[in-house]
Amino acid sequence: MCTFSLSATTSMQLGSVAPTPSSSISLPLLPQINSNNYLSIPFIFNFKFNNSNNKSKHTVISAYSRTKDVWRRTTPPHETTPSHQPRKRRETHYLDHSVDMDELLRSIWDTQNERELFSVLSPYKGRQLSIRFMVLLLSREPDWQRSLAILDWIIEQALYTPSVFAYNVVLRNVLRAKQWDIAHGLFDEMRQRALAPDRYTYSTLITYFGKEGMFDSALSWLQQMEQDRVSGDLVLYSNLIELSRKLCDYSKAISIFSRLKRSGITPDLVAYNSMINVYGKAKLFREARLLLNEMRAVGVLPDTVSYSTLLTMYVENQKFVEALSVFSEMKEVRCSLDLTTCNIMIDVYGQLDMAKEADLLFWSMRKMGIEPNVVSYNTLLRVYGEAELFGEAIHLFRLMQRKDIEQNVVTYNTMIKIYGKSLEHEKATNLVQEMQKRGIEPNAITYSTIISIWGKAGKLDRAAMLFQKLRTSGVEIDQVLYQTMIVAYERAGLVAHAKRLLHELKRPDNIPRDTAITILAGAGRLEEATWVFRQACIAGEIKDISVYSCMIDLFSRNKKYTNLTEVFERMRGAGYFPDSNVIALVLNAYGKLREFVKADALYREMQEEGCVFPDEVHFQMLSLYGARKDFNLVETLFERLDSDPNINKKELHLVVAGIYERANRLNDASRIMNRMNDRGILKSRIT
């Protein structure tokens, strides 16, 4: 887990930060306080919570509320309150070592209201205990209501000077309990007491709000932190990037990464690896690849995770030649291979019809000290099947069983598909029975594979009976299974049956609406997908950004540009940020609708958010400016892109020359072409 290590002497300084795995979110630790002034406060304490504390939770809350309502305070800051009374002169000798903190905590945990709690603490009202003792006591109190009451006692009864560390502890407890309004109130009270929120304050707020998916609130706290000139650090920004990635909000992640670098912080290996993943998910392949060069330039050497993340990105987008190139580079720089890398490359070799290379890599894994796992075997099985090496596939499958190597549903699904390719449908059916006897439950892919095999073998009655049985048995019917049955009906010429299934998806009762939308959109059923989408919007059932994306793609394919922009506005209203593909489709729609102002506003807004566009988006915006006859904007954008080292200069000049040529501005078109010749751009392959 990543930690914040802060020291409080005269000024706060950032300590060392441990790297985090890119797959986890780090919660900030409490600041460590200089032993001359305060005690160190650990983030997590081991304690036994007294169950009697929960007996009268409502009593505790109401008792606190009657006495003090810090989160709805209406008293102006300048009015005299107990917290502004003159402080007594600080005692030089404390009773810290003579007080048993565990015993005192047990007494506090037995209290059921504010009056009882104040009574327990009353012997120390004269501030015989140091503030470091009180802050440590606070940090060991897990109940957010009691921690609020203890804070009130510290400041308003014992008249300690307000401490930012005490507030940070209580703020953490409040946020753990998801009391968001109270957290806002505590922050405001710190301001009223002239306490400056520190890095820990903001990192706690940002992390907890972000963790709960309230990303706009998390970013507003980041903005407030920057306004207060409280510097963020690598861990804070990395947390936000990771939260964005998990929420599939890749544009936000790219924006935060840009902000991180603008603040003068050098990303570490974990941050770079996370961003390679983000760029890949956003389909910004060139930007992801260029990150490797940037890493080397700042002294951060790409590791196995960096390369395997790139490989995964290319494979997910079926860019297998590019993946092969990355693997070659990985071997050239002698970056060690791991299990993930080998599994990916076995798949890549298979996709490129390089079954021999896949076979060689698999059987050489143990020589490299890498033990193949079930994924390795399953991947090689699939490669054998695609290459129609059925004998090798069967041999490997039975070898796994002889050597007691784990087999799972993917193993069986792969072998069932192989038997289907070799037209041995009875053996495929027998495998389903075999896997069930071994306690491996078939899934939707198993059934869709069997239905497809039976359909191709002319056994449509068996396929239809199985599908109907699955629908009534409560098995989850996913989009693959539905589409398989629709294709089986259409292949057999039973178009009416296929249409009936599509019609049923308009009123899905056994699958989620977003799944139905994806199925209908994937099948190109415009009317049905639109109807289900609107019903899902009304019911508030769309929780996945991919549903909006598939509808935008569907409307774009069918040239329904008004509907496309409507979906986009709903998408933005739901708080989702578009990826570069969606932006390109929306810009095109705005252009077709002659809504150039909206297109320009979207383009500028996304750039201000730090979005990184592929060249096509920039070129599309140039074309829209040209269609609008706004050649000043064409020139302005052209010059800006020409100075960007990441833009393909040859394509850029050709696009701009074409814009001028279509507008019959031949002198300008000639000027652009001459500029290409003068720079030698026209002859270069990649510029």
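1. Residue classes come first. Ala, Val, Leu, Ile, Met, Phe, Trp, Tyr, Cys and Pro count as nonpolar, Asp, Glu, Lys and Arg as charged, and the others, Gly among them, as polar. By these classes, the lining of the largest pocket holds 10 nonpolar, 5 polar and 8 charged residues.

2. This is a predicted model, in which local features need pLDDT of at least 70 and side-chain atom pairs count only at pLDDT 80 or more, while totals for chains, interfaces and linings use all residues. Residues are numbered from 1 along each chain as its sequence is written, and side-chain values use heavy atoms, with hydrogens and water left out.

3. The protein chain has 35 helices and 3 strands (DSSP runs numbered from the N terminus: helices H or I, at least four residues; strands E, at least two). Of its 687 residues, 51% are buried (under 20% relative accessible area; exposed is over 50%, partly exposed in between; 1.4 Å probe, protein chains only).

4. Back to the lining. Nearest the centre of the largest pocket lie Phe 285, Arg 286, Glu 287, Asp 615 and Glu 616. Helix 13 gives the largest share of the lining, 5 residues.

5. The structure holds 23 salt bridges (a side-chain nitrogen of Lys or Arg within 4 Å of a carboxyl oxygen of Asp or Glu). Asp 615 pairs with Arg 286, closest N and O atoms 2.6 Å apart. This pair links helix 32 to helix 13, 329 residues apart. Asp 615 is buried at 7%; Arg 286 is partly exposed at 32%.

6. Arg 557 and Asp 553 form a salt bridge at 2.4 Å, N to O. They sit 4 residues apart in helix 28, so about one helical turn separates them.

Definitions and conventions: 1 Å grid on protein atoms, 1.4 Å probe; cavity = no way out; pocket = protein on both sides within 12 Å on 5 of 7 lines; lining within 4 Å.
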